[in-house]
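Here are my notes on this one, in the order I went through it. Have the structure open while you read.

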Amino acid sequence: MICAEKDKVQRLISSLEEGHCSRRIKSHYFAYGTGYDFARLFTVKKGGCELGLISVFNSAMTVSNFEDKGFDDEDIEELAQFVFLNKPESVEISPEYADKMERYLKGCYFSITRNELCYAHMGCEALACVDENPRLETAFNILSEAFEELKGSEGLWITEASHRIRHGISRVFTLENAAAAMVVYAIDGTAFVEYVGTRAKLRNRHFAERLLRFIGEKYTAAGFEVRLFACDELVGFYESIGFERIGQDKILQLYERERI
């Protein structure tokens, strides 16, 4: 049984198992709570037992189980039916369940394998030219040159980023108006980096590398592990900066033809 959840959320959130999916769910809840239609939480239950949480945030769904709980085949089938009903553009779930979920969703969703990397402290010097509180318009303009999916969504991206920054969930950094990066959350000892990009005309001049090392050193010094996901083609690039591969997972993506 999957039920909308607005009560007991704090207790349920604190019971999630350790991992990226749990931290992603926490970041949505800490930033928005349950008072918005675009940020919904659902509890997965069976026989009166609470098994996990589902976060539906805009067009993305994230699933995680509670500590000492898990999902069996029947639970995964029910979760797949819930996915079919809601048709999120992406689904994140713990790696141990992703393959089975993909089989249930075959024909509507395809999987992308991601490598998880963690920054290894290198003792680099801090960069005085990094702006730790940049204008979000500047950061967006840089990132939209690197990420095609961001184009045309400036207002939404800035609104969401500013909200998460105000609530202490996210940070945005820029370097010399050339590169930008976002730490989408810093929760439970892990700082997670997304949206690293450089202006097209300034690529291959090491701006992104320098910015990532700055972020890696800054958060490591504050007691965080700095992590990110990368496709196979970019693993070598991140390893050259000081990241080490620690695992893999899958994200499920809705086929374009299935989008409403």
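Predicted model: local features only at pLDDT ≥ 70, side-chain atom pairs only at ≥ 80, totals over all residues.

1. If you want to click through them, they are H28, Y29, G33, A39, R40, L41, S55 and V56.

2. How big is the largest cavity? Its volume comes out at about 30 Å³. As for the count, the structure has one cavity of 30 Å³ or more.

3. Helix α2 and the strands β2 (39-46) and β3 (49-57) each put at least two residues into the lining. Of the contributors, β2 gives the most, with three residues.

4. Now for the open spaces. The second largest pocket has a volume of about 230 Å³. Its lining is made up of 16 residues, and the ones closest to the pocket centre are G19, H20, C21, P95 and E116.

5. Which elements each supply at least two residues to the lining of the second largest pocket? They are α2 (20-32), β11 (225-230) and β12 (243-254). The largest share is from α2, which brings four residues. You'll remember α2 from the largest cavity, where this helix also supplies at least two lining residues.

6. Last stop: a pair of helices. Two packed helices are described by the angle between their axes and the distance between those axes. Here, α7 (residues 207-221) packs against α8 (residues 232-241) at an angle of about 55°, and the axes are 9 Å apart. That angle makes α7 oblique to α8, because it falls in neither the roughly parallel range (under 35 degrees) nor the roughly perpendicular one (65 to 115). The crossing of α7 past α8 is right-handed.

7. Who does the touching between these two helices? On the α7 side, the contact is made by A208, E209, L212 and R213, and α8 answers with F237, Y238, S240 and I241. Sorted by class, the residues of this contact come to five nonpolar, two charged and one polar.

Technical notes. Residues numbered from 1 in each chain as written. Heavy atoms only, no water. Axes fitted to C-alpha atoms, helices over the stretch in contact; angles between N-to-C directions. Parallel < 35°, antiparallel > 145°, perpendicular 65-115°, else oblique. Left-handed = near helix turned anticlockwise from the far one by under 90°. Contact = heavy atoms within 4.5 Å. Nonpolar A, V, L, I, M, F, W, Y, C, P; charged D, E, K, R; others polar. 1 Å grid on protein atoms, 1.4 Å probe; cavity = no way out; pocket = protein on both sides within 12 Å on 5 of 7 lines; lining within 4 Å. Points joined across faces, edges and corners; volume = space filled by probe spheres on them.
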